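Trainee: I would like to go through this model with you. Could we begin with the terms and then move on to the fold?

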Amino acid sequence: HAEQQERQPTQPFRTEMPFDVRVRIAGEPLHLRGTFDRVDRAGDEYVLMDYKTGTTKISKSEVREGRQLQLPVYFFAAEQMGYRVADAFFLHIGDGKASRALPAQERAELLEHARAHIAKYVARARRGEFAVKPARKNEPTCAAYCEFAALCRVNRQSARKGDGDAK
């Protein structure tokens with residue numbers, strides 16, 4: 001409640017704002033490229049928003065466990081661009097509610113977890129390791145919508161397990 005009283009009202013600053021920056025994660029250079037859906041300004045600070053069409057909330061545990069790193073990547077990119085980030089969240093356009101996966105009181109810790117996961121994933125990719133291994137142990141399939149579904153091997157491998165073809 002005190003945080004809301006101290007926060008200045010936001011004004012839209014930019015929509016569909018591209019970024020293309022280089023950051024250091026675990027001492028290694030990493031090129032980040034993408035687009036912020038919306039950036040608002042609150043005084044000399046900025047608020048990052050990413051629109052989601054679904055209503056499934058995205059929790060801080062998704063960041064902590066390395067399954068949802070979009071907001072941390074946006075946070076790192078915005079800071080590299082010289083923006084002081086006050087907040088970053090997903091806005092679910094279906095119900096107008098926000099998922100605050102980086103709450104202010106835990107943000108530093110969550111961003112450190114994100115850095116560690118990103119470093120681990122980048123190291124694996126650079127070694128050519130692309131294991132077919134869903135991040136959620138109790139859910140062997142991916143989300144209902146994924147723009148990479150045509151390339152994904154997770155669902156194909158899960159379907160084969162009953163055929164005796166899986167190793």
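Mentor: Let us begin with contact, which means heavy atoms within 4.5 Å. Helices (H or I, at least four residues) and strands (E, at least two) are DSSP runs, numbered from the N terminus. This is a predicted model, in which local features need pLDDT of at least 70 and side-chain atom pairs count only at pLDDT 80 or more, while totals for chains, interfaces and linings use all residues. Residues are numbered from 1 along each chain as its sequence is written, and side-chain values use heavy atoms, with hydrogens and water left out.

Trainee: Which residues of α3 meet α4?

Mentor: Pro-72, Val-73, Phe-75 and Phe-76 in α3 meet Arg-107, Leu-111, Ala-114, Arg-115 and Ile-118 in α4.

Trainee: At what angle do the axes of α3 and α4 cross?

Mentor: They cross at roughly 100° and come within 10 Å, with α4 covering residues 107–126. Axes here are lines fitted to C-alpha atoms, for helices over the stretch in contact, and angles run from 0 to 180 degrees between N-to-C directions. The two helices are therefore roughly perpendicular to each other; angles under 35 degrees count as roughly parallel, over 145 as roughly antiparallel, 65 to 115 as roughly perpendicular and the rest as oblique.

Trainee: What lies over the face of Phe-76?

Mentor: Arg-115 does, at 4.2 Å from the ring centre. The charged end of Arg-100 likewise sits over the ring of Phe-89, 4.3 Å from its centre. The criterion is that NZ of Lys or CZ of Arg is within 6 Å of the ring centre and within 35 degrees of the ring normal.

Trainee: Turning to the sheet, what is the strand order?

Mentor: The order is β1-β2-β3-β4-β5, in an open sheet of five strands with mixed pairing. The edge strands are β1 and β5, each of which pairs on one side only. From one strand to the next, the twist averages 45°. Two strands pair if DSSP finds at least two bridges between them.

Trainee: How many bridges join β1 to β2?

Mentor: There are 13, between β1 (residues 11–25) and β2 (residues 28–42), and these strands run antiparallel. Pro-18, for instance, has Thr-35 in β2 as its bridge partner. Five bridges join β2 to β3 (residues 45–52), again antiparallel. Arg-41 stands opposite Tyr-46 in β3, and the bridge partner of Val-39 is Leu-48 in β3.

Trainee: Which residues take a positive phi in the hairpins?

Mentor: In the hairpin of β1 and β2, with two residues between the strands, Ala-26 has a positive phi near 50°. In the hairpin of β2 and β3, also with two residues between the strands, Gly-43 has one near 65°. Ala-26 is not a glycine, and at 64% relative accessibility it counts as exposed. Buried means under 20% relative accessible area, exposed over 50%, and partly exposed in between (1.4 Å probe, protein chains only).

Trainee: And what is the phi of Glu-16?

Mentor: It is positive, about 45°, although Glu-16 is not a glycine. Glu-16 lies in strand β1 and is exposed, with a relative accessible area of 52%.

Trainee: How many aromatic pairs does a search of the whole structure find?

Mentor: The search finds six. One of them is Phe-13 with Tyr-46, edge-to-face, at 5.2 Å centre to centre and 65° between the planes. Phe-13 lies in β1 and Tyr-46 in β3, so the pair ties together parts that are 33 residues apart in sequence. For the definition, rings of Phe, Tyr and Trp (its six-membered ring) pair if their centres lie within 6.5 Å; planes under 30 degrees apart count as stacked, over 60 as edge-to-face and the rest as tilted.

Trainee: Finally, which residues does Ser-99 touch?

Mentor: Not counting residues up to four places away in sequence, Ser-99 touches Lys-57, Ile-58, Phe-89, Phe-90 and His-92. Ser-99 lies in strand β5 (residues 97–99) and counts as buried at 2% relative accessibility.
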